[in-house]
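Hi,

Here is the structure I said I would pass on.

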Protein chains: 2
Amino acid sequence: MINLFWADECGLPANDRGLAYGDGLFETIRMEGVRGALLARHLERMSRDAGRLGIAVSRNELKEVCAKAAERFSGRYQDGWVLKLLLTRGAGGRGYRSEVGMRPNLLVSGAVLPPPVSPLGVAVDLSRVALTVHPLFVGIKSLNRLEQVMASREINDSLFEVVMSNHEGHLVEGTRTNLILKIPDGWITPPKSSLAVAGVMRQWVLDSLHERGESIVERPLTMADVLDPGCRGLFLLNSVQGVVPVREFAGHHLPVDSGLATICNLLETLE
Amino acid sequence: MINLFWADECGLPANDRGLAYGDGLFETIRMEGVRGALLARHLERMSRDAGRLGIAVSRNELKEVCAKAAERFSGRYQDGWVLKLLLTRGAGGRGYRSEVGMRPNLLVSGAVLPPPVSPLGVAVDLSRVALTVHPLFVGIKSLNRLEQVMASREINDSLFEVVMSNHEGHLVEGTRTNLILKIPDGWITPPKSSLAVAGVMRQWVLDSLHERGESIVERPLTMADVLDPGCRGLFLLNSVQGVVPVREFAGHHLPVDSGLATICNLLETLE
């Protein structure tokens, strides 16, 4: 059982472990009225990754909360909005040590959609903040996001995103987006094992391409891949903004292809 | 200017960035009545490290808050207590991006002291959770502490602490303590550049030993150093519990020496 908090009513208790240590995780879901895009995948990821951290929450509990949230918030927004679920291990414990049988806290909020992205593509740059991924937390959208916060300080108004590299110099992901590159005979995307956040949108795009019989290679991505004349387009994937083509990367112009956004239209996944 | 919140009255706003991303840092200070141990060093560290994250707070502001907190909380505890300052970048922003000129939030709480530690020493074990330290955040007691949380789940009632190693296999620090090893001709402690949290107690102990003319080497510490017959004692350093001698490390008995705890008595630093 979880404790449910509505962010428009109150925050979490002062001794919540999410605040104290980032001891929790979150999801942001693109909503249209009462329906959510890739909703089942979001709930699946949150309950699975909570389990990896030892936070007990069931997919069904989360599903019920989403239904209540849709009722509560949908009338406040015209058309689309964003549902955020923030789950923590709960309040208290002795320092870093949690207590057995702690009851998780779930903070639920609604927000306006970010401004729409031009189909002509966006400009991105390389981040100077290196991305480190702890083996225990690979792919988990946890509340420990200080690297992304610091990297996002490099985003100015002419940039949509910055792309972070790991210590091997591989391009891994943006602060809030995963990457996929189109090449003549298929697609390249950084391996799941290298990701700080393994996006729900990313996995859905991979599954969709796979179903269409496209060839996808999961391997480290380099700047040389992006600047290769064979590159047919670089895309940012995000479960609120969908497929975002990149037209300019660190000052280099890239080909823009609207095909992927057409095939993988987030709004066709509303549940 | 900061917004001040008393944890016994309310928590932080639901959209605080400390909760959302661990975008902040904290200090825990050993108090005795209205006086704080190593108080100036705690305030110096918090204001300096906040500056590294781009959070604007002055040492003087913090000092004034501590005086108010001492007045507010000291009467509630017999003898010693713990003052916690939790500083965040503030509330809001667009996703990971913060806004310019954000006003930081400071959450202040008082707590009872943890149980006293036996002068005969404590038992510790090696953690299976590796410690990763991002170059940008070396030494900062930030709110991104999921590694320490997961490591502390290995602490059972017969253990005081677990010691975390980095990917090179060096012993770096405990979940809430720094390490110093006594050898025949001086002391060894892991280098500051390798630390997740550069403890205030650690620095004071180093300064005190230095003043006494003792030889201190900052270099990577290994299990071989600890098990070496020349080892005269391993100590955990923590600014609430002071100097804690280790009598047993991963099943190995170590010599216990009460000298360091006598030289570096935390309660002699009350300000």
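Below is what turned up, starting with the interface and moving on to salt bridges and one asparagine.

One thing to keep in mind: this is a predicted model.

**Where the chains meet**

Let's start with chain A and chain B. On the chain B side, 50 residues are in contact with 50 residues of chain A. The size of an interface is often given as the accessible area lost when the parts come together. Here the area buried between the two chains is about 3900 Å², and carbon and sulfur atoms give 64% of it. If you want to know which residues of chain B lose the most area to chain A, look at B:Leu19, B:Tyr96 and B:Leu146, which together make up 21% of what that side buries.

There is polar pairing across the interface as well. The rule finds 16 residue pairs in polar contact between chain B and chain A, with both residues at pLDDT 80 or more. Four elements of chain B give two or more residues to the side that touches chain A: helix H1 (17-21), helix H2 (39-53), strand S4 (80-88) and helix H4 (146-152). H4(B) gives the most, with 6 residues. By type, the residues on this side of chain B split into 22 nonpolar, 15 polar and 13 charged.

Salt bridges cross the interface too, and the rule finds 2 of them between chain B and chain A.

**Salt bridges elsewhere**

Side chains of opposite charge can pair when their charged atoms come close. Over all chains, a search of the whole structure finds 36 salt bridges. Here are a few to click through.

In chain A, the side chains of A:Asp207 and A:Arg41 meet at 2.9 Å, N to O. This pair links distant parts of the chain, with A:Asp207 in helix H5 (residues 200-211) and A:Arg41 in helix H2 (residues 39-53), 166 residues apart. Are these two buried, exposed or something in between? A:Asp207 has 26% relative accessibility, so it counts as partly exposed. A:Arg41 is partly exposed as well, with a relative accessible area of 31%.

Another chain A salt bridge brings together the side chains of A:Glu154 and A:Arg128, at 3.7 Å from N to O. A:Glu154 sits in the loop between helix H4 (146-152) and strand S7 (161-165), and A:Arg128 in the loop between strand S6 (122-126) and H4, so the pair ties together parts that are 26 residues apart in sequence.

Over in chain B, B:Glu248 forms a salt bridge with B:Arg247, and their closest N and O atoms are 3.5 Å apart. B:Glu248 counts as partly exposed at 24% relative accessibility, and B:Arg247 is partly exposed at 34%. Back in chain A, salt bridges that share partners join A:Asp8, A:Glu9, A:Arg72 and A:Arg76 into one network.

**One asparagine**

Last stop: A:Asn238, in strand S12 (residues 233-238) of chain A. Its relative accessibility is 11%, so A:Asn238 counts as buried. A polar atom of the A:Asn238 side chain lies 2.8 Å from the backbone nitrogen of A:Gln241. Leaving aside residues up to four places away in sequence, A:Asn238 touches A:Arg176, A:Thr177, A:Met201 and A:Leu266.

Cheers

Technical notes: Residues numbered from 1 in each chain as written. Chains lettered and ligands numbered in written order. Predicted model: local features only at pLDDT ≥ 70, side-chain atom pairs only at ≥ 80, totals over all residues. Heavy atoms only, no water. Contact = heavy atoms within 4.5 Å. Buried area = accessible area lost by both parts, 1.4 Å probe. Salt bridge = Lys/Arg side-chain N within 4 Å of Asp/Glu carboxyl O. Polar contact = N/O pair within 3.5 Å; in protein donor to acceptor, adjacent residues only side chain to side chain. Nonpolar A, V, L, I, M, F, W, Y, C, P; charged D, E, K, R; others polar. Buried < 20%, exposed > 50% of the residue type's maximum accessible area, 1.4 Å probe, protein only.
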